[in-house]
Amino acid sequence: MFAFTCPRPADAAGQAPVFIRDAEIEAIIANFTAPLFTAAGLDPAAVRVYIVKDDTINAFVAGGMNLFIYTGLLIKTQRPNQLVGVMAHETGHIAGGHLARAQEALSGATIESIIGMVLGGIAAAASRGAAGGAILAGPGMAQASLLQYTRTMEASADAAAMTFLDRTHQSARGLLEFFGILRRQEFALFGQLNPYLLNHPLTSERIANVQEHVARSAYSNVPDPPSWIEAHKRMVAKLVGYLLPLDRVLQQYPQTDNSLYSRYARSIAYFRIGQLQAALPLIDGLIAEHPDDAYFHEQKGQILYENGRGGEALSYYGKAVALAPDQPLIRMELAQVQVEQNDPALVKPAIEEMKQVVRDEPRNPSAWRLLGIAYGRDGQMGQAALALAESAADAGSVEEARQQANQALGQLPEGSPGWLRAQDILTTTKPTPE
C-alpha cells in the first residue's frame with residue numbers, strides 16, 4: 001500500500017516530515033543499493049532507507065546508517081544509473097565516517113526529529129540566504145552544522161562512489177549526468193537555495209574528477225540492466241501518479257500513451273480522485289497482461305479497499321502475498337483488511353500474518369499496533385497489551401509503553417516469554433529523572 005506517514009505534527013514553522021511507505025518502491029531502491037552497500041563493506045540490512053515526500057532534489061545520511069531520499073530526486077532522475085550514482089556518493093559518506101561527531105550527536109535522535117531538524121535547517125538557511133551548509137537547530141544541537149559537508153568530504157565521497165561503482169561493474173556516467181542536472185538547476189533557480197547543493201557543495205573540481213574517471217574506467221559504457229530500466233520507470237510512474245495532480249499526470253502520461261508505465265500512473269491518478277470507472281479497467285488490463293505481478297494485484301487491492309470494498313480486496317491482497325511472500329508491507333495490508341472485516345474466522349489468520357510482519361520489521365510501531373488490535377479481537381488481552389507496549393516503545397511514547405507493559409504483566413503467565421518481554425520494556429523505558 002502506498003501510504004503517507006506523518007509521525008509528528010507540524011512545528012512552529014509549519015514543517016512536518018512526511019514519509020512514504022510502499023513495498024514496490026522500497027524493493028526497487030533496495031535492489032539498486034544493495035550491491036553498493038556490499039561493495040562498501042556494509043550490511044545492506046543494516047542501512048535504513050527512508051523516502052521523504054518532498055519535490056526538491058535531495059538525499060543525505062544522518063544518525064548513523066540512515067539514508068534519506070526525497071521523492072523529488074527519485075522522480076527527476078532520468079535513468080537508474082543516475083540514481084545509483086547519487087546513492088553511491090551517499091554510501092561514500094557512510095563508509096568514510098564523515099561527520100562522525102555530528103552523526104554521534106544524532107545517533108540517539110528519532111528519525112522524525114532528524115528529518116525535522118533538516119527541514120527546519122533548510123528553512124532557516126533559506127530565510128537568511130545562507131550558503132555552504134544547513135544550520136540545524138534542535139535540542140542540545142543549536143546552531144550545529146550537522147549535515148554540512150566540506151569540499152574535502154565531498155571529493156572523498158565521490159572517490160568512494162566511483163570505487164564502489166567499479167567494484168559492482170557499473171558506470172559512473174550517471175553520477176556525472178546528475179551533476180549536470182544539479183548545475184542546470186543551480187543556474188535556473190538563481191537566488192534560491194537547492195537543499196542538495198546546500199549540504200553537498202558542487203565544484204568544478206568535483207565534476208572534473210568524475211569526468212576523468214569516466215574517461216578511463218573500463219565500466220563507463222556499461223548500460224543499465226533492462227530490468228532496472230523497467231523498475232525505475234515503474235517507480236517514477238507510481239510516484240507521479242500518487243503525488244501530482246491529474247492534469248500534470250496526463251501531461252506526462254497522456255491517454256495516447258499505452259505503455260505499462262503510462263497506464264499504471266493514470267490508474268493511480270484516477271483512483272486518487274475517485275474515478276474508479278477509469279482506474280479499474282487500467283489496473284485490470286495490467287493484471288491480465290501480467291498475472292504474476294504482485295504489485296499490480298496489491299494496487300487493485302488498495303483501490304478496492306479504500307473504496308469500501310474490503311471483501312473484494314482480500315483476494316487481491318492474498319494473491320499479492322503469495323507472489324511476494326518476502327514483502328512485509330503487503331502482508332500487513334492483507335492483515336489490515338482481514339481485521340476490518342469483523343469476521344471472527346479472519347482474525348487468527350490476521351494474527352499469523354502480523355506475527356511474520358513484526359519478525360521482518362521489529363521496529364515498525366504501526367505493525368505492532370495492528371497486531372495488538374488483532375490480539376484484542378481474538379480475546380488475547382495479555383498479548384494485545386504486550387504488542388501495544390512494543391508499538392508505543394518504538395514510537396517513543398514512554399508513558400503509554402509502560403502502561404501497556406504493566407497490563408501485560410498482569411495478564412500473562414509469570415515467567416512466560418511475553419511476561420519477560422514486558423519486563424524488558426519496563427526496564428528500557430524508565431522515565432528520565434527530572
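This is a conversation about how some features of a predicted model get their names.

Student: Why is the pair Lys-238 and Asp-22 called a salt bridge?

Tutor: The cut-off is a side-chain nitrogen of Lys or Arg within 4 Å of a carboxyl oxygen of Asp or Glu. In Lys-238 and Asp-22 the closest N and O atoms are 3.0 Å apart, so the pair counts as a salt bridge. By this rule the count comes to 19 salt bridges.

Student: Which parts of the chain does the pair of Lys-238 and Asp-22 link?

Tutor: Distant ones: Lys-238 sits in helix 10 (residues 226–243), and Asp-22 in the loop between strand 2 (19–21) and helix 1 (23–39), 216 residues apart.

Student: How do you know whether Lys-238 and Asp-22 are buried or exposed?

Tutor: Buried means under 20% relative accessible area. Lys-238 has a relative accessibility of 1%, so Lys-238 is buried. For Asp-22 the relative accessible area is 0%, so Asp-22 is buried as well.

Student: What makes Arg-206 and Asp-158 a salt bridge?

Tutor: Their closest N and O atoms are 2.6 Å apart, which is within 4 Å, so the pair qualifies. Arg-206 and Asp-158 are both buried.

Student: Why is Arg-234 with Asp-293 put in the salt-bridge class?

Tutor: Here too the closest N and O atoms are 2.6 Å apart, within the 4 Å cut-off, so the name applies. Arg-234 belongs to helix 10, while Asp-293 is in the loop between helix 13 (276–289) and helix 14 (294–305), and 59 residues separate the two. Both Arg-234 and Asp-293 are buried.

Student: Which residues are linked in a network of salt bridges?

Tutor: The network is made of Asp-22, Glu-24, Arg-234, Lys-238 and Asp-293. Arg-234 and Lys-238 are also among the buried residues of helix 10, which include Trp-228, His-232 and Tyr-242.

Student: What is the span of helix 10, and what was expected?

Tutor: Helix 10 has 18 residues and reaches 26 Å from its first C-alpha to its last, close to the 26 Å expected at 1.5 Å a residue.

Student: Now helix 1: where does helix 1 bend?

Tutor: Helix 1 bends by about 35° at Thr-33, and a proline, Pro-35, follows within four residues. With 17 residues, helix 1 reaches 24 Å from its first C-alpha to its last, close to the 24 Å expected. Its buried residues include Glu-24, Ile-28, Phe-32 and Thr-33.

Student: What happens at the two ends of helix 1?

Tutor: At the start, a side-chain oxygen of Asp-22 comes to within 3.2 Å of the backbone nitrogen of Glu-24. Just after helix 1, Gly-41 takes a positive phi of about 80°.

Student: Why is the pair of Phe-2 and Tyr-242 called stacked?

Tutor: Rings pair if their centres lie within 6.5 Å, and planes under 30 degrees apart count as stacked. The centres of these two rings are 4.0 Å apart and the planes are at 5°, so Phe-2 and Tyr-242 are stacked. Phe-2 lies in the segment before strand 1 (3–5) and Tyr-242 in helix 10, so the pair ties together parts 240 residues apart in sequence. Phe-2 and Tyr-242 are both buried.

Student: What makes Phe-60 and Phe-68 a stacked pair?

Tutor: They are 4.8 Å centre to centre with 15° between the planes, so they pass both limits. Both are buried. Phe-60 and Phe-68 also belong to one aromatic cluster with Phe-19, Tyr-50 and Tyr-70.

Conventions. Residues numbered from 1 in each chain as written. Predicted model: local features only at pLDDT ≥ 70, side-chain atom pairs only at ≥ 80, totals over all residues. Heavy atoms only, no water. Buried < 20%, exposed > 50% of the residue type's maximum accessible area, 1.4 Å probe, protein only. Expected span 1.5 Å × (residues − 1). Bend = angle between axes of the 7 residues up to and from the residue. Polar contact = N/O pair within 3.5 Å; in protein donor to acceptor, adjacent residues only side chain to side chain. Phe/Tyr/Trp six-rings, centres within 6.5 Å; stacked < 30°, edge-to-face > 60°.
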